[in-house]
Every structure is written in structure tokens, then in C-alpha cells.
Amino acid sequence: MFKVSYLNKVYFALFLIGSNLLYSQEDEKHTSLDTDYYYGTILEHSPKIGHLITGHPEGFLLRYNYHSSGKEAWQRRHNYPDWGFSFAYQDMKNPSLGEMYGVFSHINWYFFKRNLQLSVGQGVGYMTNPYDKENNFRNSAYGSHLLSATFLKLNYHKPNIWNRIGVQAGISLFHFSNGAVKLPNTSTNTLAFNFGVNYQMDDRREIDYMNNDDDEKITEPIKFNLALRFGINESSVVGLGQYPFVIIVAYADKRLSRSSRIVFGSELFLSYFLKELIDYQVAAFPERENTDDYDFKRAGVFIGYELQINKLAPFVNLGYYYYNPFGFGDAIYNRIGLKRYFGKKEEIYGLMSVKSHAAKAEALEFGIGYRF
């Protein structure tokens with residue numbers, strides 16, 4: 001049986017490696033700091049966490065940003081985004097949940113003459129008080145100290161109002177989950193209002209943006225992909241243990257532009273937690289019929305969209321099980337994740353994703369793939 005502490009170390013290491021691969025690509029000189037205070041509420045996306053919503057979470061987010069000027073073509077195509085590192089603290093305002101400390105890598109996009117800022121951050125969160133069957137059995141949200149952490153922010157952003165100091169204000173959403181690596185894992189979503197200040201780190205008040213003269217259209221034939229996703233997770237019954245899973249994936253992709261693709265394919269799921277769950281339910285409920293049909297394997301088809309930002313590519317998938325004899329989960333599943341391409345031809349890539357049935361996460365997936 002796998003130990004969750006081992007996976008935590010692997011996940012944290014991959015996060016640091018991925019962040020280094022993103023930020024070591026360029027030596028941007030224009031940088032800034034910003035900090036926000038936020039105050040909000042935990043959304044009751046499941047009745048299982050209703051008893052944990054007893055107050056209004058509050059905390060702060062501190063970010064270090066690198067500003068692009070269009071040195072690379074992808075920066076010009078995406079309206080000169082920022083990227084950087086973040087640190088967050090959140091008091092969940094419930095003793096069973098405790099507090100959260102998180103580290104993230106993030107990217108900021110700009111709209112409406114750069115007055116509207118959309119930020120996305122992905123990283124690792126540390127929860128101070130996870131579930132314990134003897135000492136903290138009320139915490140149905142987090143089954144482990146280390147979690148996958150994501151934030152979204154939509155801000156009015158105004159730099160350089162006074163000297164190098166500016167302001168921002170908006171709304172934020174913080175999501176914490178371990179992808180069912182260790183149960184329970186109902187997870188939490190905190191919706192908050194935020195406001196704060198930003199500070200430009202160098203003397204330049206304005207960035208000299210390079211003109212976007214990259215209007216050349218790109219054509220590419222349909223490409224095929226073979227990928228392998230893997231990880232460990234636990235069934236919906238707390239205490240049955242953690243087991244490995246493997247997903248064999250074959251799909252095609254068609255480039256729509258320099259920065260976007262659509263995908264279509266099929267995948268075979270070999271989830272050994274499901275095999276254990278089937279054995280448990282057959283033993284616990286012998287009166288059930290058709291036990292010969294209880295195959296733990298599943299197969300599905302999916303469609304998806306991928307947005308490529310330099311070598312990184314966030315993606316979303318929507319899938320449907322055409323083979324699921326045990327009937328675990330809903331017929332429709334979804335996935336959100338991030339790829340990182342390697343090499344000039346971008347044939348090899350690594351990936352990390354979360355697979356869910358609606359808002360209920362099934363697995364935190366890692367993977368490798370080949371595009372040809």
C-alpha cells in the first residue's frame with residue numbers, strides 16, 4: 001500500500017520543477033510586488049461540508065510578478081501577461097478545518113486597456129488540521145495535510161497612482177483538494193472579496209511594449225497522441241486504502257491557431273481502488289445480482305480544448321463512459337489540467353490534471369505523452 005506522504009513529496013517536487021521550467025525561460029527585469037487582504041465565505045457545494053461553514057474565512061495573498069514586454073512572440077499574442085510566484089494564508093474560521101498556507105505559480109492576463117486583470121494560480125496548500133478518525137472526525141473536507149491549491153482572481157488593477165504604488169480590488173476564488181489521494185476529500189471553495197496595493201520594483205513607470213506584428217497564419221495537419229496517466233487514490237469508502245491507477249490514452253488534436261487546439265480521443269481506466277471497492281460491496285451486499293458483471297475496468301471518449309502559452313498548455317476535457325459496468329460515478333466526467341511541452345518540435349510533454357465527476361474529484365493525475 002502506498003503512503004500518502006510519499007505522494008505529497010512527489011507532487012511538491014513536480015510543482016517546483018514545473019515552476020522553474022516556466023520562470024527560467026527569460027530574464028525579465030521589470031518586476032512588481034502586490035498584496036491583497038480578502039474576506040469571504042465557503043461555498044456549500046456539498047451537504048457534507050455544511051457543518052464546517054461557521055464563519056467568514058479571511059487571509060492575505062502576497063505575489064511577486066515578472067512583467068513581459070513582448071520579447072517573445074507568445075507574449076505579444078496574449079497581450080503581454082505577467083507571471084510569478086505567490087504565497088497565501090487563509091484562516092478557515094472553523095476549528096475542524098484550521099488554517100491554510102499555500103505557495104503558487106501564477107499568470108496574469110489583461111483586458112480593457114490593462115485595467116482588468118484576470119489571475120490564475122496553481123500550487124500546493126498545507127492544511128493545519130486534516131481529518132483524523134479519533135481527534136478530528138468532523139473534518140470531512142481534507143484527508144491530508146498537503147493539497148492541490150488553485151486560485152482565480154478578477155481585479156480592477158491600477159499601478160503607479162502615487163510614485164510606484166498602485167491599487168487593485170476585485171473577487172477571488174480559492175479551491176483546495178487532494179484529488180481523492182486520501183479520503184475524505186469533499187474539498188472547499190472560498191469565494192472572497194479582495195483589495196490591496198501593488199508596488200513597481202524598478203524606476204521605469206511604463207513598459208515599452210513591442211508591437212504585435214505576428215500576423216502569419218499557421219497550418220498544421222491533424223496530430224495523434226499517445227499518453228499515460230497515473231497516480232494513486234482511494235475509493236468512496238473511507239479506510240479501504242490507497243491503490244494505484246493507470247489510464248491509457250489515445251487521441252487526435254487539431255490546431256486552430258498558434259495558441260489553441262481542440263482534441264478528441266478515447267481512454268482506458270485501470271483503477272485498482274475500484275477493484276477493491278467492488279470486492280468490498282460484493283462481500284457486504286451478497287443479495288445483489290449480476291455480480292459477474294462487476295468489472296473494474298472503464299473506458300470513455302472525450303473532447304477537449306487546449307490553450308498553449310509558450311511551452312505551457314492549460315487544458316479542459318469533457319468525457320463520457322461507454323463502458324462502465326459497475327456504474328461508478330456519473331456517466332459524464334470532466335478534467336482540468338496543465339501540460340508542459342519539451343523540445344523544439346514539442347513532441348514530448350508532461351502533464352498534471354484533476355479528473356472529476358461534476359464537483360467530486362476522483363483522481364489527481366500525473367502523466368507523460370508523445371505527439372506525432
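Let's start at one pair of residues: Glu306 stands opposite Phe315 in strand E13. This is a predicted model, in which local features need pLDDT of at least 70, side-chain atom pairs count only at pLDDT 80 or more, and totals for chains, interfaces and linings use all residues. Residues are numbered from 1 along each chain as its sequence is written, and side-chain values use heavy atoms, leaving out hydrogens and water.

Strand E13 (residues 312-323) pairs with strand E12 (residues 297-307) in the antiparallel sense, over eight bridges. Here strands (E, at least two residues) and helices (H or I, at least four) are DSSP runs numbered from the N terminus, and two strands pair if DSSP finds at least two bridges between them.

Now step back to the barrel. Eight strands close it in the order E9-E10-E11-E12-E13-E14-E15-E16, with antiparallel pairing. On average, neighbouring strands of this sheet are turned by 25° against each other, direction ignored. Helix H3 (residues 272-284) lies across E9, E10, E11, E12 and E16, running at about 40° to E11. Such angles run from 0 to 180 degrees between N-to-C directions, with axes fitted to C-alpha atoms, for helices over the stretch in contact (heavy atoms within 4.5 Å).

Next, the cores. A nonpolar core is a set of buried Ala, Val, Leu, Ile, Met, Phe, Trp, Tyr and Cys residues joined through side-chain atoms within 4.5 Å, where buried means under 20% relative accessible area (1.4 Å probe, protein chains only). The largest has 19 residues, and Leu97, Tyr142 and Phe176 touch the most other members. Strand E6 gives the most to this core, with three residues.

Key: Buried < 20%, exposed > 50% of the residue type's maximum accessible area, 1.4 Å probe, protein only.
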